[in-house]
Amino acid sequence: MKKNINIELTYDEALVLYEFLARFSEDKVLRFSHPAEYLALLRVSAQFDKLVDEMFSPDYKNVLSAAQDRLAKGFEGDYGPKV
């Protein structure tokens, strides 16, 4: 599916999320080290609620699975602990 969405971040949110994701990339542990990381992620998530219509689809699990397959196609790296 070729559909782009735009989300907006303040510079502070971008900086805080950058550090959060960089730390995860290094140690493969997804853990908040400051309340600002949690709040920035919540603000991004709130924007998704307004932009991603498929979450209300009765076929959501299939739509999600197809999106995961498209996004991960050809990826063979390590993505951290398996949950």
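Which residues make the nonpolar surface patch of about 440 Å²? The patch is made by Phe-32, Tyr-38, Leu-39, Leu-41 and Leu-42. The model is a predicted one. Two aromatic pairs occur in the structure, and Phe-20, Phe-32 and Tyr-38 form one aromatic cluster.

**Aromatic pairs**

- Phe-20 and Phe-32 are stacked, with 5.3 Å from centre to centre and 15° between the planes.
- This pair links distant parts of the chain, as Phe-20 and Phe-32 are twelve residues apart.
- Phe-20 belongs to helix H1 (residues 11-27), whereas Phe-32 lies in the loop between H1 and helix H2 (35-51).
- Phe-32 also pairs with Tyr-38, here edge-to-face, at 5.6 Å centre to centre and with 80° between the planes.
- Tyr-38 is found in helix H2.

**Accessibility of the cluster**

- Phe-20 counts as buried because its relative accessibility is 4%, under the 20% cut-off.
- Phe-32 has a relative accessibility of 40% and therefore counts as partly exposed.
- Tyr-38, with a relative accessible area of 43%, is likewise partly exposed.

**Cluster and surface patch**

- Phe-32 takes part in the stacked pair with Phe-20 and in the edge-to-face pair with Tyr-38.
- Phe-32 and Tyr-38 are members of the aromatic cluster and also contribute to the nonpolar patch.

How values were computed:
Residues numbered from 1 in each chain as written. Predicted model: local features only at pLDDT ≥ 70, side-chain atom pairs only at ≥ 80, totals over all residues. Heavy atoms only, no water. Phe/Tyr/Trp six-rings, centres within 6.5 Å; stacked < 30°, edge-to-face > 60°. Helix = DSSP H or I, 4+ residues; strand = E, 2+ residues; numbered from the N terminus. Buried < 20%, exposed > 50% of the residue type's maximum accessible area, 1.4 Å probe, protein only. Patch = residues over 30% accessible without salt bridge, like charges linked within 9 Å, V, L, I, M, F, W, Y side chains within 5 Å. Areas by Shrake-Rupley, 256 points an atom, 1.4 Å probe, with all protein chains shown as cover. Salt bridge = Lys/Arg side-chain N within 4 Å of Asp/Glu carboxyl O.
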